[in-house]
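Biologist: I am new to this structure. Please walk me through how to read its features.

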Amino acid sequence: EWLLKAMTPRRIERRIQKLYGAPQPLVRNFLPRGRSESIIYAVVLREHPEVVKVGRTTRWANRRKAYACWNLANGDGILDERVFIITDEFVDLPHLEAHVLSAMPFPIRHGNEWFTADLDEVCRLIDQILCAAGLSYI
């Protein structure tokens, strides 16, 4: 008699839960919460167009807002920016940034991320490094 009862989707779900426990997702997101993209960027200051900062972030919108709020002397601010959004799913971003910084042939201006260079030249070099590494970006 019990074989004649139709199994509704809800009854099937309850039976599976009883036998195997609550369902678990088959795929989990391995990226940290809130991370949506891996970015290598280059920015130029308004009062110092010969100085380029190269960096990395996973939250460009927040980083850009922070740069906009810099308390820089003589009205400095961001004149131009170039953003390379890496589209590969798994990227060791700190390692990639270290590789990009170490490959820069330009004179270091301050720290290890500020260079005396033209923004276009820096971006061409970043493009070459990303392509040589087989990384795709937009």
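Modeller: Start with burial. Buried means under 20% relative accessible area, exposed means over 50%, and partly exposed lies in between, with a 1.4 Å probe and protein chains only. Helices (H or I, at least four residues) and strands (E, at least two) are DSSP runs, numbered from the N terminus. In this structure 6 of the 7 residues of β2 are buried, so β2 is largely enclosed by the rest of the structure.

Biologist: What should I know about the source of the coordinates?

Modeller: This is a predicted model: local features need pLDDT of at least 70, side-chain atom pairs count only at pLDDT 80 or more, and totals for chains, interfaces and linings use all residues. Residues are numbered from 1 along each chain as its sequence is written, and side-chain values use heavy atoms, with hydrogens and water left out.

Biologist: In what order do the 5 strands form the open sheet?

Modeller: First the general idea. Strands of a sheet pair through backbone hydrogen bonds, either parallel or antiparallel. Here, two strands pair if DSSP finds at least two bridges between them. The order is β3-β1-β2-β5-β4, and the pairing is antiparallel. The edge strands, β3 (78–86) and β4 (108–110), each pair on one side only. From one strand to the next, the twist averages 30 degrees. Axes are lines fitted to C-alpha atoms, for helices over the stretch in contact, and angles run from 0 to 180 degrees between N-to-C directions.

Biologist: How many bridges pair β1 with β2?

Modeller: Strands β1 (residues 38–45) and β2 (residues 51–57) pair over 6 bridges, in the antiparallel sense. A hairpin of 5 residues joins β1 to β2. Val-43 stands opposite Lys-53 in β2. Ile-39 stands opposite Thr-57 in β2. β2 also runs antiparallel to β5, joined by 3 bridges. There, Val-51 stands opposite Thr-116 in β5.

Biologist: Which residues of helix α3 are buried?

Modeller: In α3 (residues 93–103), the buried ones are Leu-93, Leu-96, Glu-97, Val-100 and Leu-101. They cover an arc of only 130 degrees around the axis, which puts them on the same side of α3. That arc is taken from the directions from the helix axis to the C-beta atoms. The face turned away from the buried side of α3 carries the exposed His-95 and Ser-102.

Biologist: What covers the buried residues of α3?

Modeller: The cover includes β1, β2, β3, β5 (114–116) and α4. Contact means heavy atoms within 4.5 Å.

Biologist: How do I read aromatic pairs?

Modeller: A pair of aromatic rings is described by the distance of the centres and the angle of the planes. Rings of Phe, Tyr and Trp (its six-membered ring) pair if their centres lie within 6.5 Å; planes under 30 degrees apart count as stacked, over 60 as edge-to-face and the rest as tilted. A search of the whole structure finds 2 aromatic pairs. Tyr-41 and Trp-60 form a tilted one, 4.9 Å centre to centre with 45 degrees between the planes. Tyr-41 lies in strand β1 and Trp-60 in helix α2, so the pair ties together parts 19 residues apart in sequence. Tyr-41 is buried at 0% relative accessible area. Trp-60 is buried at 11%.

Biologist: And the pair of Phe-84 and Tyr-137: what angle do their planes make?

Modeller: Their planes stand at 65 degrees, with centres 5.2 Å apart, so this pair is edge-to-face. Phe-84 sits in strand β3 and Tyr-137 in the segment after α4, 53 residues apart. Phe-84 counts as buried at 7% relative accessibility. Tyr-137 is partly exposed, at 27%.
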